[in-house]
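Let's take a walk through this protein together, starting with its charged pairs and ending at its surface. Have the picture open as you read.

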Amino acid sequence: MLEHLGSLPASLNSPSSGDSASSAARHKEHAFWMQQMDITPFDFSYLGNLLQQAYTDWQAQHDSDLDRSSRIYSVWNTEGICVGSANEFEKGPISRETVMSCLETGKAQSTRGSDQHGEFHCIAEPLFSRINKDMFAVFTALVYEPNRYETSEEIVRSEAAHYRTCFYRRFEYIFMADLLKAHEQTARDEHRRSILFQIVQRMHDKMDVDAILDEVFDSIDYLYPTTRMNLYMSQDRNSSNPRIRPLMFHEQGEDICVRSFKDGQTIVIRSDQGESRIVEVGLPLKGKQGIYGVFHIEMNEELMEDPDLQLITMMADTAGTAFENAKLHEQSNMLIQELRLINDLTQRLNKSLQLKEIYQIAELELKDIFQAESCCILQLNDSTNRFEVMSSNVGEMRHKSFALDYGITGLLYQTEEPLILSNYAQCTKVSSVFMEVTGSMSLMASPIRVNGQMKGTILLGHPKEHYFSYDNYRLLQMLSIHVGLALSNATLHAEVRRLANLDMLTGLYVRHYLDSVIHERQAHEFCGSLIVVDIDQFKQVNDTFGHQTGDQVLKQVSDIVTTSVRSEDVCARWGGEELAIYMPQLGIRQAMEYAEVIRRRVAEETRPPVTVSSGIAEWNWMDDKVSVESLFYRADMALYEAKHGGRNRIVLEEQEVTR
């Protein structure tokens, strides 16, 4: 249709000026000129979409109150093909025969008959072009009872005229759209260099790497809409843009991108593809510090002239400089962000010296920092030689333990190196309960070192493939070091507290620790018993055998005490040769049985042989005065009775048991 551009009225291309009368005259001239535009027989084979669109317009304007099930209108092209219809009834052989007859004679045709839907009247009206009166389509009406006598040829002829009006309105719209597109293309060519200058300015104003690359793609797409363009990057960079791809060097031969990257220069190759000639261009994305990738452009040679190549090359050079600046800015911000994360995590970890709380803080913080779906932290238990789950947001993983050679943790234990997996489904070297339970595909794992030795692992998972980046992997290694330092501090603190609560000679707890335990138990439990054990005539042992032997005897008695009671009982050195045993949730009669075992074993197993006397007291929540002091006082009084009653015996508060 653009062949009519040469016949445009002069006023259409001239700038608007003059008074309202001249504007009205120009409008009238334009309207008259549009009415002279018409289709030719050369256009008939391309009118399918236009006929369909006109039918849709006509149908939208048609009377909606008519019974469309009994009056069916359709439009057929010059090849006898229905291109616009409300349903399938009109496509039968009767309708086609009527249409073909209309096409052959160039006159309206009418046919009557009947089918499975009833008696019908088929009317076909030819549609002619404006100027040369060439028939370009056929408008048909299929009328069923009871309207076949009400719908005359005149009504169908008026509907056909209405449809023809809709067709030419659509034709004029498309023609004007093509005309405006041509004018826009001309204006775009005129302002291309000024637009390119604006593009360069925008690239230098941006400090985001992805924004700069998107600006390059958008600019090329705008200037050369038919161009195919990709960017091949030489470094690891995650991008959601499908046109940014990795640059491969191991492929057979050296393609244009590899050559452009190695030489750092623009390379142009021209080749034939069918009837067209294609220009292939490799443009390096380079800055002052190096080359970061190559733009690969393919376009028709007719669209690529020397000025265009120069403009694209200049834009690529500008993009390289802007990319490098943004990359340096991005790296600086990343380092600052990493330092902030490390500082924040260290502060939160150092607020607590409780191991359990540190594991929980580390789990929550690491999961939030890396936006992981699942997290699990394991610790090596030196006594069982198994890795135990200390904290996890996955319920199925809690309280589990694993052998030293199992799964991801076992692999880290062997290599002592961090690990990153992009697709667990393709990993055949190791299996993992953590990955299978969580349904994760991406994994980051890092060992936790305490005092230079691997004491645990951090596992982070996500269901998406290739979710974690290399920067995430590197940051996790640094954060795991600080987690290890926090655990080391907490471990040392726990060890210091443990040693502060232990008697160095006997290995039993000291008295102030026992006081605090009993006080806490009395606040939450219902009853308990206290046994005070004293070694009979211990001064005579020291005087006879020496203090070193006396210490050995005291150690022997302490070992007998700890091995004769329950694991939940608390044994302490009360002072000198006196020991104390607190037995929670145990009555005085039951405590006496344990005291008897201790008394008998001491007499039989100690060397040199000694005996012990014991006093036992109990408390329960119904006592008038429940306190640590009163419990110790009553047990001490019972011990006093045992010592003065002959030794080697057990005395309950307010009563005596002789052995």
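**Charged pairs, helices and surface**

Search the whole structure and you find 18 salt bridges, a salt bridge being a side-chain nitrogen of Lys or Arg within 4 Å of a carboxyl oxygen of Asp or Glu. Keep in mind that this is a predicted model, where local features need pLDDT of at least 70, side-chain atom pairs count only at pLDDT 80 or more, and totals for chains, interfaces and linings use all residues. Residues are numbered from 1 along each chain as its sequence is written, and side-chain values use heavy atoms, with hydrogens and water left out.

One of these bridges links Arg130 and Glu172, whose closest N and O atoms are 2.4 Å apart. Arg130 is in the loop between strand 4 (118-128) and strand 5 (135-144) and Glu172 is in helix 5 (residues 153-190), so this pair ties together parts 42 residues apart in sequence. Helices (H or I, at least four residues) and strands (E, at least two) are DSSP runs, numbered from the N terminus.

Now look at Asp543, which forms a salt bridge with Lys539, the closest N and O atoms being 2.9 Å apart. Both sit in helix 15 (residues 538-545), four residues apart, or about one turn of the helix. Asp543 is exposed, with a relative accessible area of 55%, and Lys539 is exposed too, at 61%. Here, buried means under 20% relative accessible area, exposed over 50%, and partly exposed in between (1.4 Å probe, protein chains only).

Next, how do two helices meet? The axes of helix 14 (residues 511-524) and helix 18 come within 10 Å and cross at roughly 115°; axes are lines fitted to C-alpha atoms, for helices over the stretch in contact, and angles run from 0 to 180 degrees between N-to-C directions. Residues making the contact (heavy atoms within 4.5 Å) include Leu514 and Ile518 of helix 14 and Leu631 and Phe632 of helix 18.

Phe526, Trp621 and Met622 make a nonpolar surface patch of about 430 Å². Patches are made of residues with over 30% relative accessible area and no salt bridge: like charges are joined within 9 Å, nonpolar side chains (Val, Leu, Ile, Met, Phe, Trp, Tyr) within 5 Å. Accessible areas come from the Shrake-Rupley method with a 1.4 Å probe; for residues, only the protein chains shown count as cover. Trp621 is found in the loop between strand 20 (612-620) and helix 18 (628-644), and counts as exposed because its relative accessibility is 58%.
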